[in-house]
Amino acid sequence: MARRVGHEAGTRARGTAQEPKALKRALTTPLLYFFILGDVLGAGVYVLVGQVAADAGGAVWVPLVVALLLALLTAASYAELATKYPRAGGASHYATRAFGPFAGFVAGFCMLAAGIVSVAALARGFGGDYLSAFVTLPVALVAVVFLALLALVNARGIKESTRANVVATVVEVGGLAVVVVLGAWLLLRGDGDLGRLTDLGTPEKGAAAAVLSGSVLAYYSFVGFETSVNVAEETRNPRRSYPRALFGALATAGAVYVLVGLAASAAVPTAQLAGSSGPLLEVVKEAGGVPPKLFSAVALVAVANGALLTGIMSSRLAYGMAKDGLLPGVLTKVLPGRRTPWAAIAVTTGLAMLLALTGSVATLASTLVLLLLVVFLMVNTAVLVLRRDPGEGDHFRTPVVLPVLGIASCVLLATQIEAAVWLRGLAIVAAGAVLAAISVARRSRRTNEGEGRRADVDASRPG
């Protein structure tokens, strides 16, 4: 990102003839809304509802609402920055503008690491109870084979991957709708227990602590909105469209998730829900009417689709950072025919395999949330720092109190993450900091060498 910013500045200095062409503004508000909604509505809720129940108790919907409200705080900061600087780059670009290339690199690296961790979590989720409806295999083995197959699809081409995503998105949203309908049907026939919807807390935690702990995992279900800033440059009238689409999509996703949480809690005993790695399958079994294997297939499609999309994002981000000189150049290697970044795909897949073999779904989800909290902390702070910059024309402006509350929410959620997850997360952030220092030093050395060469040329010219 630092090199990109420097390149843009140099290009402007050489004249408008060499300026990069602007991207076509083709996204309308409805199209952007569905883009963001598809990014947020994903596989997390298929896997994590049970884990949230284990942390918070039967009232699963409460942590989901809290997580939505906390996500909206940071979304307000993204809305301001995306309309103020409508270009690709996202958090890395904002952090670079506000704090310099070191912070920008760390933000980009944390986004990359979060994507890899997310793929690892979904790979473990794929090997759980949903797959067990068909065959029982070791989760670790399934995760490795699953990730290898996803890498092959990713390497085949972006067109094939996105076509698969269209079908899979329809299937996974349909699966969530089925859960809501089955939960309502179960209650209408007199089964289920509405009393569980107000049951907060566990034997180890009081109500407040349980809600905060559950909100960390529930937060995972709302991530994805932060990647939408990369298409702000391609949106018609982003000042008007982007905030509407962003907040509308998050509100819609929140409503769907709350309905799913209500259905699951009322339909299934909390202990049974908490003990399942396929919690929504338990709702189907309790309600009847839908073959468990059919719903398991839907859930597997949802999990695979989420992992595929995140894997594509991670490999392309690694490729882009390497192309900008921020990661080793070997990651820029592409397949001759397919023109897909095979080296970046191989490395990100290998790291995801390693993480999938060394952590549970809940631990990996918490690690992802921790990494994103680092990024979101930078973004919320960057809004305040960049207030003195008028930006690029008219833009959405969030009330100052929201980024301040966004910063507080990041700190609050971070205090709820377990020590073991902190160790894993800090190791990743430390690795990013080391690479950032190396990248900044190299950039500074190249700049000094370039200035030295120009000085030599100037000195050799006749006076």
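## Salt bridges

A search of the whole structure, which is a predicted model, finds four salt bridges. A salt bridge here is a side-chain nitrogen of Lys or Arg within 4 Å of a carboxyl oxygen of Asp or Glu. Side chains of opposite charge can pair when their charged atoms come close.

One of the salt bridges joins the side chains of Glu80 and Arg387, at 2.8 Å from N to O. This pair links distant parts of the chain: Glu80 is in helix H4 (residues 61–84), Arg387 is in the loop between helix H16 (361–385) and helix H17 (401–415), and the two are 307 residues apart. Glu80 counts as buried because its relative accessible area is 0%. Arg387 is also buried, with a relative accessible area of 18%. The terms are set by cut-offs: buried means under 20% relative accessible area, exposed means over 50%, and partly exposed is in between (1.4 Å probe, protein chains only).

Arg189 forms a salt bridge with Asp191, and the closest N and O atoms are 2.6 Å apart. Arg189 has 35% relative accessibility, so Arg189 counts as partly exposed. Asp191 is partly exposed as well, at 38%. The side chains of Arg196 and Asp193 meet in another salt bridge, at 3.8 Å from N to O. In this pair Arg196 is buried, with a relative accessible area of 14%, whereas Asp193 is partly exposed at 34%.

## The chain as a whole

The protein chain has 18 helices and zero strands. Helices (H or I, at least four residues) and strands (E, at least two) are DSSP runs, numbered from the N terminus. Of the 463 residues of the chain, 52% count as buried.

The chain exposes about 19,600 Å², and carbon and sulfur atoms supply 66% of this area. Accessible areas come from the Shrake-Rupley method with a 1.4 Å probe; for residues, only the protein chains shown count as cover. Among contacts in the chain with a separation of 6 or more, 84% are between residues 24 or more positions apart. A contact means heavy atoms within 4.5 Å.

## Helix H5

Helix H5 (residues 90–99) is mostly covered, with eight of its ten residues buried. The buried residues of H5 are Gly90, Ala91, Ser92, His93, Tyr94, Ala95, Thr96 and Ala98. Gly100 follows H5 and has a positive phi, near 105 degrees.

## Two residues and their neighbours

Met353 is in helix H15 (residues 342–358). With a relative accessible area of 19%, Met353 is buried. Not counting residues up to four places away in sequence, Met353 touches Val144, Leu147 and Ala148. Val117 and Met353 are 236 residues apart in sequence, and their C-alpha atoms are 9.5 Å apart in space.

Gly248 is in helix H11 (residues 238–267). Its relative accessibility is 22%, so Gly248 counts as partly exposed. Leaving aside neighbours within four places in sequence, Gly248 is in contact with Tyr33 and Pro243. Phe34 is 214 residues from Gly248 in sequence and 9.6 Å from Gly248 in space, C-alpha to C-alpha.

## Surface patches

Leu141, Val145, Leu149 and Leu152 make a nonpolar surface patch of about 390 Å². Val145 lies in helix H8 (residues 139–156). At 42% relative accessibility, Val145 counts as partly exposed. An α-helix has 3.6 residues a turn, so residues three or four places apart point the same way.

Arg442, Arg443, Arg445 and Arg446 gather in a surface patch of positive charge. Arg442 lies in helix H18 (residues 419–460) and is partly exposed at 43% relative accessibility. Patches are made of residues with over 30% relative accessible area and no salt bridge; like charges are joined within 9 Å, and nonpolar side chains (Val, Leu, Ile, Met, Phe, Trp, Tyr) within 5 Å. Lys and Arg count as positive and Asp and Glu as negative, while His and the chain ends are not counted. The place of a charge is taken as NZ of Lys, CZ of Arg, CG of Asp or CD of Glu.

## Basis of the values

Residues are numbered from 1 along each chain as its sequence is written, and side-chain values use heavy atoms, with hydrogens and water left out. In this predicted model, local features need pLDDT of at least 70 and side-chain atom pairs count only at pLDDT 80 or more, while totals for chains, interfaces and linings use all residues.
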